[in-house]
Amino acid sequence: MHLQKLVINGGKKLNGEIRIQGAKNAALPIMAAAVLCGKAGEKVTLRNCPRISDVYAAMRILTYLGCKASFEDGTAVIIPENVSRPEISDELMREMRSSIFFLGAILGRTGRCRITLPGGCDLGPRPIDMHISALRKMGVTIKEEYGALDCRAEKGLTGAKISLSFPSVGTTENIMMAAALAEGTTVIGNAAREPEVADLAEFLNRCGAKINGAGGGKIVINGVKELHGCDYEIMPDRIACATYLACTASAGGELAVTGCRPWDVESILPVFEQMGCSVYTLDDKIFFSANRPLKAVNPIRTMVYPGFPTDAQAPVMASLCKARGTSVFVENIFESRYKHVAGLTRMGADILVEGKVAVIEGVNRLYGVKTEAPDLRGGAGLVAAALAADGTSEITNIQYIDRGYEEIEKVLSSLGADIKRV
Ligand code: EPZ
């Protein structure tokens, strides 16, 4: 797997229609939440689950915990009746950052949990201080020793009023899962408003939870005794949608996206329009065309939802490398999320990074090069740029890309790109 690479011959316009995969950042917390469904004989069926390595990793964690878990053609079936091992092995924790989402669910179900500190993409320090302080407010004692967290709530979890200094997505989701079966009511103030948070709440309510306000800044969870299973369809992936729009903007051409939720990308579509692309949305479809030279856009500030999402920064930056004029990004969410700039510069882009700010001077041409994906979305950005480069690019470390994109080379080939996985 790690020796694979993508070979891309740039210069081909994209043309066609694609269906968007299920959302990675909804599927992962929802798979963790399945652990809470302890009613005997129950099962959880998750449709539209993306076939990506992070989902396979989550399946391995569920199995390690004692659940029965199977996954075929986009549907995960989880039988969480027997959660016998309230811990996640170090090796499994290292596979992805999102394993931290299992903490709240395992605690909610068993009252105990032992995990090591998360791995995942290297996006600057990935602290979990907010997760820890929130769970402590719910009666969890957490001891940190040799890089592992030993968490216990001997008397079970109790509801609490928790205000977040920053609307952290993972923290909001962990509290929601820990609170679902807790004694009493939990109120989250300054909660994350991302659509994936609302998708998790919708799933939990389908299983019998009592959660109100998800998607807004104040979420109220009334603890219940037990959760049953349910049959749920994961929402479409808004970042994958933005990525394929960025690939089309970069390479030029026409794209119809189906099975998406245009409302979720409301803050991204205007950026493409400012670039000179035309965008038309109808129900679960987006009709997109990039047939004129692109114009620079600035500034693009990444913000929490409903602002421009940090996960779309790299792909959209790639599409601006050949735009006319000067584009400016301000990355406000993660410390160092410009690792893809090195690869773009190698391709001939003219980008200056100063702390949170990246300044992109449009150039006339990009050149195919050998480079490697620095992380998930940075890797997708390099693919988007390679589609617009003259000559052949080879991108290695594509295991990062496979964490979040289902068969990216097949999707892009179906649109006419000359891209192969070797
Ligand atoms: C989720 O990560 C997503 N991952 C990320 O997507 C996404 O970039 C991020 O939300 C922001 O939208 C999943 O949903 C699996 P945060 P998460 O907690 O929960 C700081 C992708 O590419 N922070 O909202 O980790 C943190 O360091 C991934 O799909 C603390 O300081 O994001 C970061 O600077 C990448 N202390 C900021 O908050 C904490 O305890 C945003 O983090 C927690 C977070």
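**Entry 1: the model**

I am working with a predicted model. I number residues from 1 along each chain, as the sequence is written.

**Entry 2: around the ligand**

I began with the ligand. I looked up which residues come nearest. Of the 25 residues around the ligand, these are Asp129, Met130, Ser168, Asp311 and Ile333.

Next I sorted the shell by class. I found 11 nonpolar, 7 polar and 7 charged residues around the ligand.

Then I looked at contacts with ligand oxygen atoms. In serine 168, an N or O atom of the side chain is 2.7 Å from an oxygen atom of the ligand. For isoleucine 333, a polar backbone atom is 2.7 Å from a ligand oxygen. Lysine 24 uses its side chain, with a polar atom 3.0 Å from an oxygen atom of the ligand.

On its own, the ligand has 820 Å² of accessible area, and the protein covers 89% of that.

Which elements give two or more residues to the shell around the ligand? I noted α1 (24-33), α5 (129-137), α6 (169-179) and α12 (376-386). I then turned to the domains. At least three shell residues come from domain 1 (6-21 + 236-421), and at least three from domain 2 (24-233).

**Entry 3: helix α8**

I moved on to α8, which runs over residues 238-251 and has 14 residues. From its first C-alpha to its last, α8 reaches 20 Å. That is close to the 20 Å expected at 1.5 Å a residue.

Is α8 mostly covered or mostly open? I found it mostly covered, with 14 of its 14 residues buried.

At the start of α8, a side-chain oxygen of aspartate 237 comes to within 2.9 Å of the backbone nitrogen of isoleucine 239. Just after α8, I noted glycine 252, with a positive phi of about 85°.

**Entry 4: helix α7**

Helix α7 covers residues 195-206 and has 12 residues. The helix reaches 17 Å from first C-alpha to last, close to the 16 Å expected at 1.5 Å a residue.

Which residues of α7 are buried? I listed Pro195, Glu196, Val197, Asp199, Leu200, Ala201, Phe203 and Leu204. Just after α7 comes glycine 208, and I noted its positive phi of about 105°.

I picked leucine 164, in the loop between β9 (161-163) and α6. Its relative accessible area is 7%, so leucine 164 is buried, since buried means under 20%. I also looked along the chain. Alanine 134 is 30 residues away from leucine 164, and their C-alpha atoms are separated by 8.4 Å.

Next came alanine 148, in strand β8 (residues 148-152). Alanine 148 counts as buried because its relative accessibility is 1%. Threonine 116 is 32 residues apart from alanine 148 along the chain, with 3.9 Å between the C-alpha atoms.

I ended with valine 77, in strand β5 (residues 75-79). Why is valine 77 called partly exposed? Its relative accessible area is 22%, and partly exposed lies between the 20% limit for buried and the 50% limit for exposed. Leucine 46 sits 31 residues from valine 77 along the chain, and I read 6.4 Å between their C-alpha atoms.

Terms used. Predicted model: local features only at pLDDT ≥ 70, side-chain atom pairs only at ≥ 80, totals over all residues. Heavy atoms only, no water. Near = heavy atom within 4 Å. Polar contact = N/O pair within 3.5 Å; in protein donor to acceptor, adjacent residues only side chain to side chain. Areas by Shrake-Rupley, 256 points an atom, 1.4 Å probe, with all protein chains shown as cover. Helix = DSSP H or I, 4+ residues; strand = E, 2+ residues; numbered from the N terminus. Nonpolar A, V, L, I, M, F, W, Y, C, P; charged D, E, K, R; others polar. Domains from an automatic or database assignment. Expected span 1.5 Å × (residues − 1). Buried < 20%, exposed > 50% of the residue type's maximum accessible area, 1.4 Å probe, protein only.
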